[in-house]
Amino acid sequence: MKKLLTLSMIASAVFAANVSAATQLKVGFNEAYNSPIYHGMVKAADELKAVSGGEMTLRLYEGGQMGNVHDMLEQVSLGELDMSMQVFGGYAQYLPRLGALETPYLVRDYNHLNAIFNSPWGMEARNELETVFSLKPIDSWFFGVRQTSSNKPINALADMRGMKLRTPNAKALINYAKGVGAIPSPIAYAEVYLALQTNAVDGQENPISSIEAMKFYEVQPYLAMTNHVVQDQTISISAERWADLSEQEQGWLTQALAAGGKEAKKRIIENTEKDLATFKEAGVTVTHPDLADFRTAMKPYYADLDKEFGKGFTQSLMDVQ
């Protein structure tokens, strides 16, 4: 009887140890459940569970359940949420110079953006986010290229004048609207569909995958391929939470996020043409305006960045290889 009791106590202790050893990370993000970013996070969660033998898991809160992107980053900074994501340029709420990355036509493509993320300039910003704000950027996923949908055709820069254009509450994207002659209207992401449906705004700008995931094409008959901003999703973890993880756990998480990023990028690239076909079937007219005038319209904002952050600032970012 004593032997059975002893074995039972040992088994209970082992079970309790296994339970306490399990680590769950709460991840909040803005993208909807059916988006490529969501599927990338599902892949990361599956990969993490597999490589850790179930010792580490991700609990996903998609679709802005935990607040808007700024709220969620703040929660991570305060240790109230383990992980979240935001475009690298969106971290301008902490480091204003990062907002330059959302200035239209400054970044050529995702390879260029990723090179900036890993450059000495990018690493200095990432280290400052970690040490000052307890936000540790640990991965960058391809998000897409922002395009402009509207309730009237856009064939040239002049067609955007006077348009009420929804943008995120981000300085560089507000400047995009101003630069092309539109009226910037910052509205929360979750409220954009209704704003478009009720004509509270005349248009919005987002990557193709987001336009599909949020069904904006149902309430916008035109899409202009303005290709104005290349974006990623920079994933950050609370610096304190990261420090609490063992080196092995950090490796598992890094491996899982890499797998998730590949899945998200694959879906975004594969889905672009399919999504455009879906838009056209729904009656959307896709236009391809000459972007030379759009690029010229942004040059004053490059000059403003150089005044704010130093002579040659924008060119130094454009020159990153």
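1. Buried means under 20% relative accessible area, exposed over 50%, and partly exposed in between, with a 1.4 Å probe and protein chains only. Glutamate 263 is buried by this rule, because its relative accessible area is 19%. Its partner in a salt bridge is arginine 267, with the closest N and O atoms 2.7 Å apart. A salt bridge here is a side-chain nitrogen of Lys or Arg within 4 Å of a carboxyl oxygen of Asp or Glu. Arginine 267 is partly exposed, at 27% relative accessibility.

2. A word on the basis. This is a predicted model: local features need pLDDT of at least 70, side-chain atom pairs count only at pLDDT 80 or more, and totals for chains, interfaces and linings use all residues. Residues are numbered from 1 along each chain as its sequence is written, and side-chain values use heavy atoms, leaving out hydrogens and water. Helices (H or I, at least four residues) and strands (E, at least two) are DSSP runs, numbered from the N terminus.

3. How many salt bridges does the rule give? The count is eight. One of them joins glutamate 205 and arginine 146, at 2.5 Å from N to O. Glutamate 205 sits in strand S7 (residues 203–207) and arginine 146 in strand S4, so the pair ties together parts 59 residues apart in sequence. Glutamate 205 is buried at 0% relative accessible area. Arginine 146 is buried too, at 4%.

4. Another salt bridge links lysine 136 and glutamate 130, at 3.2 Å from N to O. Lysine 136 is buried, with a relative accessible area of 17%. Glutamate 130 is partly exposed, at 25%. Side chains of opposite charge can pair when their charged atoms come close.

5. Now the nonpolar interior. A nonpolar core is a set of buried Ala, Val, Leu, Ile, Met, Phe, Trp, Tyr and Cys residues joined through side-chain atoms within 4.5 Å. The largest one has 46 residues, and those touching the most other members are Leu98, Leu101, Met160, Val180, Phe294, Met298 and Leu317. Elements giving two or more residues to this core include helix H3 (69–77), helix H6 (171–179) and helix H11 (292–309). H11 gives the largest share, six residues. Apart from this core lies another, of 27 residues, among them Leu25, Phe29, Phe143 and Trp242.

6. What does leucine 101 touch, beyond residues up to four places away in sequence? Its contacts (heavy atoms within 4.5 Å) are Phe88, Gly89, Val107, Leu113, Ile116, Trp121, Val229 and Leu317. Leu113 and Ile116 are among the buried residues of helix H4 (residues 110–118). At the start of H4, a side-chain oxygen of aspartate 109 comes within 3.3 Å of the backbone nitrogen of asparagine 111.

7. Is threonine 234 buried or exposed? It is buried, at 0% relative accessibility. Threonine 234 belongs to strand S8. Setting aside neighbours within four places in sequence, its contacts include Phe88, Tyr91, Phe117, Pro137 and Asp139. Lysine 274 is 40 residues from threonine 234 in sequence and 26 Å away in space, C-alpha to C-alpha.

Notes. Polar contact = N/O pair within 3.5 Å; in protein donor to acceptor, adjacent residues only side chain to side chain.
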